[in-house]
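Hi,

Here is the structure I promised to pass on to you. Have a look at it first, and then read my notes below.

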Amino acid sequence: MPTDTKRVRGPEASQSPLLFWSRPAKALPSHGPRADGRQRDQVDVRPVFVRCGLVSQAKGSAYIEAGNTKVLCCVYGPRETERRDETDMKSGRLTTDMRFAPFSCPERGSWIQGSQDKDFSLMLQESLQPAVCLHKYPRSQIEVNVMVLENSGSILAHAVTCASMALADAGIEMYDLVLGCSLRQDGGSFVVDPTYPEENSCRSGSGEKQGRLTVAFLPSLNQVSGLQSDGEMAEETLTAGIRTCIEGCYKVYPVIQQALIKAVRRAAPPPAES
Amino acid sequence: MATVQVSEAEKVYILHGIRDDLRVDGRGCEDYRHMEVETDVVSNTDGSAKVTLGHTAVLVGIKAEIGKPRPMIANEGYLEFFVDWWVSANATPEFEGRGGEELGTELSNTLYKVFNNQHSLDLKSLCISPGEHCWVLYVDVLLLQCDGNLYDAISVAIKAALFNTKIPRVHISTDEEGGKEIELSDDPYDCMRLDVENVPCIVTLCKIGHRHVVDATLLEKACSVASLIISVTHRGIITCSRKVGRGSLDPESICEMIEAGKRVGKALHPPLMKLLQQEESLGKKRQKVGFLC
């Protein structure tokens with residue numbers, strides 16, 4: 001397994017104390033209300049707090065908080081790149097980098113291997129690329145750096161939303177905002193915007209219809225720019241899940257729009273009436 | 001992915017052809033190219049398979065080793081995937097833009113997701129003694145030639161290689177101090193086989209124009225903006241799906257593509273299993289084709 005050579009990890013023999021916990025992790029019930037009071041089988045996303053323009057050094061930045069999930073994103077660019085090959089001459093390049101702080105997950109960096117980070121970065125790039133007008137930035141490179149401060153579920157979905165807000169805050173021309181939403185299918189019911197325990201609870205024996213799904217969506221163009229699922233789901237479950245995630249994206253849309261308008265007003269206040 | 005240079009006129013030609021359900025090599029939109037599967041090609045491995053799909057060739061070798069189980073899941077073995085190229089990415093001029101290493105990482109991460117569920121492979125049968133020893137299957141994929149549609153070829157090769165895998169039987173004995181000792185049985189033919197009924201196969205659907213095609217060549221891939229990768233079991237359960245590419249897809253066309261992918265994937269399993277069982281039944285009489293063809 002490719003190992004992460006950039007971080008200094010603790011000694012190999014150290015383990016999380018959670019392993020020695022005598023009480024076994026109880027599987028979350030698949031009926032009844034969820035732990036934080038939201039409803040199952042309904043598009044009930046966590047309330048979201050977003051703010052743009054936090055990092056002064058970056059061209060654009062955004063911070064999103066949903067429940068306990070905290071994600072920060074900075075955008076640098078457009079910067080000039082050396083001419084590598086023909087494709088750079090006609091359109092720009094978007095590079096993404098998604099990193100997890102070692103303290104962000106319940107286990108210290110244990111399931112976060114270097115290749116998993118790269119996988120998230122790749123999915124983030126595939127979700128953002130259709131929305132950015134790269135042909136307007138030839139020979140340039142736009143860098144998107146996402147840092148996850150706390151992982152409490154639906155991390156990719158919130159990272160996508162945060163990154164597209166940061167791109168908008170940086171003034172990069174885009175066709176549309178990209179919003180993310182994720183879903184966890186658990187037996188016959190689903191939960192939208194799952195928390196970390198909801199995402200990772202495994203129910204042995206229930207077999208089919210166990211899965212996680214993340215969708216990145218462009219609301220005004222009605223296009224899906226990113227899709228990722230794992231687990232075992234039937235085809236109807238998957239398509240229903242995609243529609244549910246799209247509804248979830250629409251729920252978050254007004255909040256994001258308001259935050260961007262506020263950021264623009266703060267940066268360039270409207271002329272005083274005189 | 002590797003790119004080919006395609007002119008605008010050629011793109012239009014391919015687009016119009018696909019609109020009328022006719023591809024450049026005469027296939028329909030949901031037809032695969034000629035596929036050849038051969039197992040047990042490398043004798044040093046516990047299981048191996050080579051798959052040739054048109055001009056794409058993939059070799060998978062599986063080695064089983066005894067290791068410590070994952071801390072949170074003490075009574076199961078696990079699989080480790082690694083994808084590599086035959087020649088270095090820089091040496092082949094085709095692989096511009098994205099480095100071969102990145103693509104290898106993307107492929108192996110997708111494989112982890114495909115097998116990240118309880119029913120694809122019975123991991124409990126890979127456990128030797130809970131919390132201490134288990135079988136770790138190292139699945140190493142070597143990409144020999146790339147002409148598009150790597151995911152499909154790799155998944156078929158992995159299924160064939162897992163079918164071919166022979167894991168030696170072990171039994172644990174306690175010695176005088178109370179420590180556990182692992183003994184491999186002396187008979188080289190006394191081995192455990194894996195049940196690959198539920199191992200999924202990956203179907204890649206490329207969106208070209210308004211239609212989607214299965215098993216796209218590099219040329220067709222250059223005309224498409226986005227593809228959907230779906231892994232389907234023989235019962236039609238979807239274990240992993242992922243959108244790749246720089247474009248976006250309409251929700252309606254995603255639903256159509258998922259439905260088509262499920263149909264095509266489900267139809268891929270019975271002939272593959274039949275072929276594998278036939279090959280197995282030939283036993284020693286089988287003529288090995290190998291690599292010189």
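Over residues 198–263 of chain B, the chain is 27% helix and 41% strand, with 16 Å between the end C-alpha atoms. This stretch is one of two that UniProt, in an unreviewed entry, gives to the feature "domain: Exoribonuclease phosphorolytic"; the other in chain B is residues 32–168. Please keep in mind that this is a predicted model.

Next, the place where the two chains meet. Here 39 residues of chain A are in contact with 38 residues of chain B. The area buried between chain A and chain B is about 3500 Å², and carbon and sulfur atoms give 53% of it. Leu227(A), Glu232(A) and Glu235(A) supply 17% of the area that chain A buries against chain B, more than any other three residues.

What polar links cross this interface? The rule finds 14 residue pairs in polar contact between chain A and chain B, and 4 salt bridges. Glu252(B) forms a salt bridge with Arg243(A), where the closest N and O atoms are 4.0 Å apart.

Which element gives the most to the side of chain A that touches chain B? That is S9(A), with 11 residues. Strand S9 covers residues 223–233 of chain A, and the other elements giving two or more residues are helix H2 (114–128), strand S8 (210–218) and helix H5 (235–267). By class, this side of chain A has 13 nonpolar, 14 polar and 12 charged residues.

S9(A) also pairs with strand S14 (residues 238–245) of chain B, in the antiparallel sense and over 4 bridges. To find the pairing on screen, look for Ser229(A), which stands opposite Ser241(B) in S14(B).

Best wishes

Methods: Residues numbered from 1 in each chain as written. Chains lettered and ligands numbered in written order. Predicted model: local features only at pLDDT ≥ 70, side-chain atom pairs only at ≥ 80, totals over all residues. Heavy atoms only, no water. UniProt positions renumbered as here; feature names shortened; annotations may be inferred. Contact = heavy atoms within 4.5 Å. Buried area = accessible area lost by both parts, 1.4 Å probe. Salt bridge = Lys/Arg side-chain N within 4 Å of Asp/Glu carboxyl O. Polar contact = N/O pair within 3.5 Å; in protein donor to acceptor, adjacent residues only side chain to side chain. Nonpolar A, V, L, I, M, F, W, Y, C, P; charged D, E, K, R; others polar. Pairing = 2+ DSSP bridges.
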